[in-house]
Every structure is written in C-alpha cells, then in structure tokens.
Amino acid sequence: MLRSCAMRLRTLGATPARRPGAARVWNHPGLLCFLLPERLFSSEKDTHKDYALPNPSWTKDLRLLFDQFMKRCEDGSWKRLPSYRQNPAQALQEFQTRFVDSKFKKENHMSKAQQFSRSFEEGLGFEYVMFYNSVEKRMVCLFQGGLHLQGVPGFVHGGAIATVVDITTGLCAIAEGVAMTANLNIDYKKPIPLLSVVVVNSQLQKIEGRKLFISCTIQSIDEKTLYTEATALFIKLDPDKPLT
C-alpha cells in the first residue's frame, strides 16, 4: 500500500519538502492537507465520501464534461482530484503542529470543521470536480452553481464565484507546495446563471521565491462566453514561521 501511495503522489506531481530536524512532509493537491506518506490512505480517510464524483444533482452537461476529462485521465496526463467534506484528523494535527502557533490552536473545535465549499447539501451549493495536469501545471474545475448560491436573482453570487476561483487557483498553487492566498484580482465579465455549468481554467504562470503567480478564467463549456478573468498570488508557507 505504501508503494502505491508513493506512486500516486509522484503521478500527481507532488514533491517532498524538508526542513532541518523535521520529518518529511508531502503535499497532495486533492486533499487540501499535508500528510506523511503512510497516512495518506488511512482508514479514517476511507470513511469520507468523495464529493468530486457524480451525484443526482449533476446536470447532463456536467456529467458529459466529467466523462470527457476522465477519458483524458486514461493516459496519465490528467488526474482527477478527490474532494472531502472534512480533513483527516491526523492531517489537521500535522498542519497545526507545523504551521500554527500554539496559542491559536483550537483543537477541541476543529473536529467539527468542514470545507466551506462542501458544506452545502448536494445540488444546492458548490458542485464541482477538479482535474490537474502536472506537466502543464494547470488545474481545471468543472463547476455547477446550486440554488443556494444566488446573488442577483437567477445568477451565481459574486462571492461564490470568488470562492471557486480561490479553490481552483489554490489547488494549482498547493501542487507546488504548502501555500495560502495573498491576493486575488477578479474581473467579472458576465453573470453566471444558476445551475449552469462552466469551466474554470487555472494555470501557474511563474514562481518568484515563495511567490506563486497564477492566472484563471471562467468560460462557458463551448468557450464562447468569458464570464470571469482573475489573477492570484499565493505564498508558500514557512514551517519556521507559524501562522499568527
């Protein structure tokens, strides 16, 4: 199992990071958490539902795009990223130990924490699946906005769109190392209708030290309509400088 785990991490483009005196840490772009290799396939994770798989709320367009990208995965050039409502407890503890100052830890409450984008009932919030190409350093999100994401009547709220941009660019950044959002610049070109399916395309443009510069667009599935353009700056975290 450990061998297959390591192979899966390599195919996702994940690289080990190390600091003096620290155990080796791996980052996995599909989990939004940072795990030691032997913990990646823990029994705890196996009990979590993967929300990046089709459910009855998915429209025909989303299912069709999902099938098309799964075809691209067959030759190994693309990888589908799993998505869970909660991070495994061991991964959470690992992150807090390495990056969070002890006076800010809230371990008694963190077991109840959920990923914001997965906290809605199926079909009412964020329905999405991510695919990553490690050679192109590109993350694609297939997104369907549910009825509880409404802003202007009939259209997806701008804050929900910003969330999708942040998630997609964030996973693109995390493929390069443990990182957090420093800046998002978003241009809303056209409103996105509720329950429509769009393609969020994010790509790493350059790296300057700990800075990761990423571009992002949101388009219709036929690529004829540009809904949103964005740029993002992410900063790799330094384990020697805890978050405060």
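So, which residue forms a salt bridge with Glu136? It's Arg138, and the closest N and O atoms of that pair are 2.8 Å apart. Hi everyone. Before I go on, keep in mind that this is a predicted model.

Let's stay with that pair for a second. Glu136 has 35% relative accessibility, so it counts as partly exposed. Arg138 comes out at 17%, and because buried means under 20%, Arg138 counts as buried.

By the rule we use, the count comes to seven salt bridges. Another one of them joins Lys206 to Glu208, with the closest N and O atoms 3.1 Å apart. Here both partners are described with the words partly exposed: Lys206 at 43% relative accessibility, and Glu208 at 40%.

Now for one that reaches along the chain. Asp50 makes a salt bridge with Arg80, and their closest N and O atoms are 2.9 Å apart. This pair links distant parts of the chain, 30 residues apart: Asp50 sits in the loop between α2 and α3, while Arg80 is in strand β3. Asp50 is buried, too, with a relative accessible area of 15%.

Helix α3 covers residues 60–72, so to speak 13 residues, and reaches 19 Å from its first C-alpha to its last, close to the 18 Å expected. Which residues of α3 are buried? They are Leu62, Leu65, Phe66 and Phe69. Looking down the axis of α3, you'd find these buried residues within an arc of 105°, so they line one face of the helix.

Last stop, the nonpolar cores. The largest has 33 residues, and Met130, Phe143, Val200 and Ile218 have the most contacts inside it. Elements giving two or more residues to this core are β4, β5, α6, β7, β8 and β9. The largest share, eight residues, comes from α6.

Methods: Residues are numbered from 1 along each chain as its sequence is written. This is a predicted model: local features need pLDDT of at least 70, side-chain atom pairs count only at pLDDT 80 or more; totals for chains, interfaces and linings use all residues. Side-chain values use heavy atoms; hydrogens and water are left out. Helices (H or I, at least four residues) and strands (E, at least two) are DSSP runs, numbered from the N terminus. The expected span of a helix is 1.5 Å times one less than its number of residues. Buried means under 20% relative accessible area, exposed over 50%, partly exposed in between (1.4 Å probe, protein chains only). The arc is that of the directions from the helix axis to the C-beta atoms. A salt bridge is a side-chain nitrogen of Lys or Arg within 4 Å of a carboxyl oxygen of Asp or Glu. A nonpolar core is a set of buried Ala, Val, Leu, Ile, Met, Phe, Trp, Tyr and Cys residues joined through side-chain atoms within 4.5 Å.
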